Amino acid sequence: MLSTDERRAMHALHQKAKELLESGKAKVIIGYGNGTGDKARPVFVRSVNEIQQLVWDQRCRQNLAVYLFKPEIKKMGTPAIVATPVVVRSIVQLIAERQIKSSGLITLTVEDSAVMELADDASLEAYVASHPVLFPPHVNKEIDSLAAMPVEKRFAFWQEELSRCFKCYACRSSCPLCYCDRCITECNQPQWVDVAPHALGNFEWHINRAMHLAGRCVQCGSCNIACPVGIPISLLTIEATRIVEREFGQYAGTQCNAPAALSSFRVEDKETFIL
Amino acid sequence: METPFEPKIVAFVCNWCTYAGADLTGTSRIKYATNVRIVRFPCTGRIDYNLLLKAFAQGADGVIVSGCHPNDCHYTSGNFHARRRWIVFRQMMEYMGVDMRRVKFAWVSAAEGAKWAEVVNSAVADIRELGPSEAFRSMTRDVA
Amino acid sequence: MNQYSLSHENLLKFLAALGTSGKTVYAPQRKGEKLFFEPVEDVRAVVFDYVQTTESPKKLLFPKYQKLISFDLAEGELHVKDHATTAVPERVLFGCRPCDASALQRLADFFARDISDTFVAQRQKALTVIGMSCIKTDADCFCTSAGTSPGDSTGSDILLTPIESGRYFVECLTEKGNALAASNKEFFEQSTPVDKERYLPKIEKTFSHEEIARKLAGAFGNEIWENASLRCIGCGACAFVCPMCSCFDIQDEGSYKNGDRVRCWDSCAFSLFTQHTSGHNPRPIQSDRWRQRVMHKFSYQPQQYDLLGCVGCGRCSRACPADMNLKEQLQDIAARVEVV
Amino acid sequence: MQTANTYNPYLMRIDKITDEAPGVKTFQLKFTDDADREHFSFRAGQFGEYSVFGEGESTFCIASSPTRKEYIECTFRQAGRVTSALARKEEGDVIGFRGPYGNIFPLEEWKGKNLLFIAGGIALPPMRCVIWNALDTRDWFNNVTVLYGARSVADLVYKHELDEWGNRSDMKLVTTVDPGGENPEWKGKVGFVPKVLEDLAPSSENTIAIVCGPPVMIKYSFPVLAKLGFTPRTMFTTLENRMKCGVGKCGHCAVGSVYVCKDGPVFTYEQLQQLPAEY
């Protein structure tokens, strides 16, 4: 059952969607709708008589920012995107990486039964600042317990987890920051990452993905949810991003003009291991 | 009789400082361990972490990565970029269970022939102590 | 066909005995919330209470990764090792659902047609399938619409049907199945014929695959594809959990000095699946690829080879990160597409 | 040696390398095992998987004629990982080959007919196999005409053979290069293949047309041929799609209900019209 707040929020969302589509400000609303069973699914609302499809509740977890790059959706025209806090973070990070512009899309957030439009970089950043990343407690616990293990145990842990990987790339496809037209694993001159899903190929793939998301992962957990074989993949990318936070004080998805953590540097960067 | 373990070590070094430094080690007639195969790169900024993975996958027991000291990069900032990547990569590898005592990072200038010998010798000693790189070698293409 | 009755207790003993007879027994086991067919080390870890496993059993015929040949350049001479000559161990697959057993049969038939695939043929020969009829079902199941059913014996060497608390009705369906039961006869009791239908769940047939095939025959240019696949994110999760998806990639690994030529699973959902080296891509957008997936399973293969590429196990729908529900999509096709 | 494992390649020694055009080479390959050579046969139109060990496999047609039994030849353009590795190979090196795969040009059914070959660019190799087959069994056919075009003079492949074909009295060769691709010595025509074909206006009477080239050339050549009176059954082409297995299993080359590798690569225009345009 929906709470009163959720019902109000949904009503406000429908009003906003109607207004945007009628005025032509948005050509498509990327939002959540009812899916199979108790699942929510992405919907792409293009006309006013479809706005009832839009829902807003606890089930809305998939990171919709991933659709901003899909050619079929891009060609529809200016999108409005129903954004959870992690979607807003994704958008800020994508702006920082010059992949999208805040003027090219309409970001809709739903808060206390009201719908807000985040029109520019400043309001996106302000929203992120007031919505810190909140993990389910087990994520922090898992990362901490991994860090406390002896190195051989950690190796065994990851070998066991990654042994189930068959390289369906659902992690990559569900990640809004994995937008490369040609992923490193698809580059074969040279073949950096073995294509086959054996122990070596899986290790190469996952450390590469984590390294490529270091300082960029907005910690939405979509890859975890997407993984059909239940590998806790986001523990890798989240750790990579936390290293960047710890070492360089840069927080992914918080500033629209932040330099990319691993393609910039400070002369005063500190380390303790270089001889 | 079992042959004693001789670590195989790959060194990825930059052309302008460490390679010249290693050259100096030789011309200065400083003796040092022969376990190292040197691969020369234009700059530490070019030394992709995947090269380290490939070295281990192909049987290296240890890796040395070395280049110009901060502020001495031939290309101004390649080593600063490299330093950031190493900081993250080291911790990620540790997090995934690879013992990073097998990887040594160093700044060795063209004038530091003696330092190069020291870096190599200490790397060889440490890796000899750690033994063959079993963890990485267990991760083969045979294990589905 | 020999029929027996088997108690749960004896079933566990039977599995343990199989394990010690030199065969590897693969049975559903839990890893977190997901279920996988893994070699049994302790029969107590085998899971019996489930609708469907996360992973399909196709890996027993067609592993996710397999060496085809290895090569070695020793002293300037190239030596090639043929992995088809490597002996395949005897294996027992326990607890796969009837839909999966059918899928394994269809998969083996597919690989055997025209030029037979030695690797799959060898594995099929060395595999004995002990199926387990369904007593539960969920909203994603649609076996009855895809030519199988909760008690279908196709593809099983032995089929167990849970009948009452702690008891199974056993059908030995093939020579392999009979041999397995005969060498473990102490666990099996004689049984009078059982009407197993009484114990099976009813799964409503929601579409006719024959009708879908007729409709799809003229549906290549239909407008349904683009909208149907808008939320598809182009991963291969559906293909890799599918018990019948058989597409693969061939890659060389290692160096020119020594290495392997391997094959591994591939998916038509990937944009690179069809991309030519020139950059030209015959299926450039996701809706083209989604259409290929549906058409290949429900139109092209049935039409050309009388081979339906789906058994209705529902895994793709459960696994999809974007909730592309295949059953729903097929119902939609049945409702909206006209036969041309 | 060939075994039950379809994926186990023959080992072939590169006997001769010919540079055809920028980035394009022809390899003449000989079996390293005499038993393999004895056992091997193929027919015009078929293809194989050529491999560099450690790099992978690549698909090309067999460019030599089945009437020449001592060797097989392939012509490839350096483009991706495998073809780049092949291009680095030298005479005497050993590569892998498996095949032959696919269907054939039905030459025996064409006895007594005229043959018209239309090829563009790097698509002459699949046709060269048929042309030489036809020339080696010349008395089977009436007129043999070859129309070959390339972007520029430098891009024409088999230049020495073009000279030979041009001098033969039992066949007619027309070569053309795209406007701007000619040089002062160029004696052939200048213009796109479909246009030259239109001007040439070959008779469709008792004639089979075999067309192979880049998609745009094929697209504009079929209508010209149709206007000349060729029917969907007298026009043939050979398709190429991304392929891995070559035997109708891996799924990469599937177009509608056919596999290009197994049911093709040779198709009539009539068959092509039944297929979705996914090639």
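This is a predicted model: local features need pLDDT of at least 70, side-chain atom pairs count only at pLDDT 80 or more; totals for chains, interfaces and linings use all residues.
Begin with chain D. Its domain assignment gives domain 1, covering residues 10-101, and domain 2, covering residues 107-238. Taken over C-alpha atoms, the centres of these two domains of chain D are 24 Å apart. The domains touch: 15 residues of domain 1 are in contact with 17 residues of domain 2. On the domain 1 side of chain D, strand 1 (10-21) and strand 5 (72-77) are the elements that give two or more residues. Sorted by class, that side has eight nonpolar, five polar and two charged residues.

Next comes a contact between chains. Chain A gives 30 residues to it and chain C gives 37 residues. On the chain A side, the elements with two or more residues in the contact are strand 2 (40-45), helix 2 (71-74), helix 7 (170-173) and helix 9 (222-226). The class count for this side of chain A is 16 nonpolar, eight polar and six charged residues.

Finally, look at helix 2 of chain B, residues 49-57. Which residues of this helix are buried? They are Tyr49(B), Leu52(B), Leu53(B), Ala55(B), Phe56(B) and Ala57(B). An α-helix has 3.6 residues a turn, so residues three or four places apart point the same way. The cover over the buried residues of helix 2 of chain B includes strand 1 (9-14), strand 3 (62-67), helix 3 (78-95), strand 4 (103-107) and helix 5 (134-138) of chain B. Helix 8 (199-213) of chain A is also part of this cover. After helix 2 of chain B comes Gly59(B), which has a positive phi, near 105°.

Terms used: Residues are numbered from 1 along each chain as its sequence is written. Chains are lettered from A and ligands numbered from 1 in the order in which they are written. Domain bounds come from an automatic or database domain assignment. Two residues are in contact if their C-beta atoms, placed from the backbone, lie within 7 Å. Helices (H or I, at least four residues) and strands (E, at least two) are DSSP runs, numbered from the N terminus. Ala, Val, Leu, Ile, Met, Phe, Trp, Tyr, Cys and Pro count as nonpolar, Asp, Glu, Lys and Arg as charged, and the others, Gly among them, as polar. A residue is buried if 20 or more other C-beta atoms lie within 10 Å of its own, exposed if 12 or fewer, and partly exposed in between; C-beta atoms are placed from the backbone.
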